[in-house]
Amino acid sequence: MALLKSSCPDLELITCGKVRDLYRIDDNTLLFVATDRISAFDVIMKNGVPGKGKLLTQMSVFWFNYLKDILPNHIITTEFDQMPEKVQKYRDQLEYRCLLVKKLKVFSVEAIVRGYITGSAWSEYKKKGTVCDITLPEGLKESQSFEKALYTPSTKAEIGQHDENIHPSKVPEIIGDKYADQISEISVKLYTKAKEYALSKGIIIADTKFEFGRDDTGILYLVDEVLTPDSSRFWLSLNYEVGKSQESFDKQYLRNYLLSIDFDKKTSIELPNDIITKTMERYIETYKMITDSDPTFL
């Protein structure tokens, strides 16, 4: 059964996002809880994908650990037995789907990194020869890899609103020159390391998004989720072929279904059981290939 909303009355609920419920533990500590909600085109669907929150959390934990030599992350602990007693009392509900994290000031920009031209980037390129208004060489083909990964940030929208792609030159106006430069550089480093690892496991990470925060001393941290099927586009390298769209092992499968039924991108709907099942099958397959392990926590 899908967990659509956590219920922890002894914890202070701060907000419910598209997927995550956020609780305040104390002045310096937060609890991130990944529910089984699923959104597409910034619309939360009426039903969820059972177990998805656990899978996304554990995949994020894998990537946080793998990338921590490039940038520290917000995790205090992922071990449920090390969490505060007031959290542990909700073990049946929260285990495997929560992270105890540092309370940070999160930047209001999402750092999208693209290694391949696909999706909305391909659509814009066909019309204008650009991606996020960045001029690209002529003659690129669908799903072709870029010579160097492309940093294409977006604004972070409120629930019910749409994220807006922006030119990298606009980021300093939002968060300042110092952090804009750091985030641009580090995002590409994070993506490049993850991409090379995933390729060795038979997965192409076509694009992904990162989020960052800072503490009171100005130190930058990697936050939220990292390189999950919700925040990234995964392809099987075995089937990769330039010049066409690729089969997705991520949330794109759900988006494609919604496009096929002329979804209005505004109204929440009930997803058919077979779409939920096949979406989760793709998530599980990606998890297995990347981590070399079975999701025994499901």
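**Largest cavity.** I looked up which elements line the largest cavity in this predicted model. Strand E3 (29–34) and helix H1 each supply at least two residues of that lining. H1 gives the most, with three residues. By class, the lining divides into four nonpolar, two polar and four charged residues. The space inside is about 60 Å³. I searched the whole structure with a threshold of 30 Å³ or more, and one cavity came up.

**Second largest pocket.** Next I checked the second largest pocket and noted a volume of about 180 Å³. It has 13 lining residues, and the closest to its centre are Thr78, Glu79, Phe80, Glu95 and Tyr96. Helix H1 (52–67) and strand E7 (98–102) each supply at least two residues here. H1 gives the most to this lining too, again with three residues. I sorted the pocket lining by class and got six nonpolar, three polar and four charged.

**Helix H6.** I tested the length of H6, residues 177–200. At 1.5 Å a residue, its 24 residues should span 34 Å. The end C-alpha atoms are 35 Å apart, which agrees. I also asked which residues of H6 are buried. They are Tyr179, Ala180, Ile183, Ile186, Ser187, Val188, Leu190, Tyr191, Ala194, Tyr197 and Ala198.

Definitions and conventions. Residues numbered from 1 in each chain as written. Predicted model: local features only at pLDDT ≥ 70, side-chain atom pairs only at ≥ 80, totals over all residues. Heavy atoms only, no water. 1 Å grid on protein atoms, 1.4 Å probe; cavity = no way out; pocket = protein on both sides within 12 Å on 5 of 7 lines; lining within 4 Å. Points joined across faces, edges and corners; volume = space filled by probe spheres on them. Helix = DSSP H or I, 4+ residues; strand = E, 2+ residues; numbered from the N terminus. Nonpolar A, V, L, I, M, F, W, Y, C, P; charged D, E, K, R; others polar. Expected span 1.5 Å × (residues − 1). Buried < 20%, exposed > 50% of the residue type's maximum accessible area, 1.4 Å probe, protein only.
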